[in-house]
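Colleague: Hello! I would like to learn how to read charged pairs and nonpolar cores in a model. Could you take me through them?

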Amino acid sequence: DGAAVAAKDVDLVVDAEGSELRKLLPNVKLRGKWSVSIKANGPADKLAVSLVAKPPAGRLAVDATLATTAPKLAWSATVDARGIDPAAAVVGAPHGDVRIDASGRGKGPDGTIDLKALVAEVAGTKVDAHGTLDTAGDARIAATIASRDLSRLRALGVSGVAGSVNVKARVERTKTHLHVDADVAARDLVVKGNRVAKLDARVHDEDLIGDAHVKIEGVRASGVRLDTVALDASGSTKKVQAALVARGPDQLAFELRIDGTPTLQRHPGTTGAKIVGADMMIEKLAIGRHGQAWMTTAPASLRVHGGVDLQKLELASGPQRLAIDTKYDLASEDLAARLRTQKLNLKQLVGLVKPSVDLPDTELAIDVRAAGKSKSPRVDASIDGFSERTKALGLSRIHYHLTARYADDRAKAEWTLKSIDQHFEGKLDVPTVFTGARPLMVDMSASNIWM
């Protein structure tokens, strides 16, 4: 309630068996002999509190000073834990050794933590970390993590992971700065059923100036199967570039290459600048699988300045064309996008994913435009073209014409389908939000339709 708190020579000692302490913490199966000593002494503006806990193995000491007279509780504290063995304190926990040396200070919920050392070896996993972090989100952390068998973490309640991993990382983060140095190596990695046979990554980045190199083998994740993946990206004060190449079964091939010029802003650091945007060209984008292949016909422009502006991206596969232009502004959330196709063959397009699906050959011209705010855009679409006659599916040659619009929580469409002596056309105007009194209109007509 905001009242000041003072104490004079308060001394409380509790000795108990872990089985008795389970009544206070029913979800933790504590065991062994525990001893807790709490001392408090001092006026309201400088109340000193000391807690010393002696678990069955090791020692935990917490010393704190509180100023309860301030509008916001001012606090400072130190934590010293040494020789903690989880197996001695908790039923079913693995043997290990945990050491923590940390301090902090702040007012109310705001504060800064200085982690001088976190050293732990539990269930075959070693962790060594130190650094500082605060409640505003700033952090400077260095850590190494090594495990030969992640599956042993099941003893700590971490399930669904396996494999070996080694990580060495250093991260500095503020509102205006991000510096990452990391080396990661993993073998036979499994996370919730997703598998990676081999992963090697090296990242050296200071506000997007630096480089990153990632190589992955044997990906089996969420229906995606890849034999190899290689990512190489770099940024300097003069140039940015990236290349992503992936290969997989069923003649799967993916390649993306981008390069361009960065936009810089003065910033304290190694180079005296940070990358805040870039004007780039997508030099190559190629996708292939099951003998189907799509590739860019020419370089496309990609500008990143407070949003994304992608222009003149066109992919071709034989006579087929697919073009994409899009622009999105992060601040205003304004969106303008367009997708166009020429002679699009749905049979070949679906064949990239599942060639066993039997579809007729098509030649479709599709034009879709979206504009407005990203949360409620206005969308206009049209489809013109035909599908070829196919005896296997019992379909004649069908001509298609469709126009549609979505805006202001309503969908409107008009369509015509024709095939020799068959005809089906209609139009509709329906709400997409069914609240209140909203008119609805559907009008359809057909001739010689049989099934």
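Modeller: Aspartate 429 and arginine 410 are both buried, where buried means under 20% relative accessible area, exposed means over 50%, and partly exposed lies in between (1.4 Å probe, protein chains only). This is a predicted model, in which local features need pLDDT of at least 70 and side-chain atom pairs count only at pLDDT 80 or more, while totals for chains, interfaces and linings use all residues. Residues are numbered from 1 along each chain as its sequence is written, and side-chain values use heavy atoms, leaving out hydrogens and water.

Colleague: What do aspartate 429 and arginine 410 form together?

Modeller: They form a salt bridge, with the closest N and O atoms 2.9 Å apart. The term stands for a side-chain nitrogen of Lys or Arg within 4 Å of a carboxyl oxygen of Asp or Glu. This pair links distant parts of the chain, with aspartate 429 in strand E27 (residues 422–431) and arginine 410 in strand E26 (residues 410–419), 19 residues apart. Strands (E, at least two residues), like helices (H or I, at least four), are DSSP runs numbered from the N terminus.

Colleague: How many salt bridges are there by this rule?

Modeller: The count comes to 21. One of them joins arginine 289 to aspartate 250, with 3.3 Å between the closest N and O atoms. Arginine 289 lies in strand E17 (residues 273–289), and aspartate 250 sits in the loop between strand E15 (240–248) and strand E16 (252–266).

Colleague: Why is arginine 289 called partly exposed?

Modeller: Because its relative accessible area is 24%, and partly exposed covers the values between the two cut-offs. Aspartate 250 is also partly exposed, at 39%.

Colleague: And how should I read a nonpolar core?

Modeller: In soluble globular proteins, nonpolar side chains tend to be buried together. A nonpolar core is a set of buried Ala, Val, Leu, Ile, Met, Phe, Trp, Tyr and Cys residues joined through side-chain atoms within 4.5 Å. Here the largest one has 22 residues, and Leu150, Val196, Leu199, Ile216 and Leu226 have the most contacts inside it. Among the elements giving two or more residues to this core are strand E12 (194–206) and strand E13 (209–221).

Colleague: Which residues is valine 196 in contact with, leaving aside its neighbours within four places in sequence?

Modeller: They are Arg187, Asp188, Leu189, Ile216, Glu217, Gly218 and Val219, where contact means heavy atoms within 4.5 Å.
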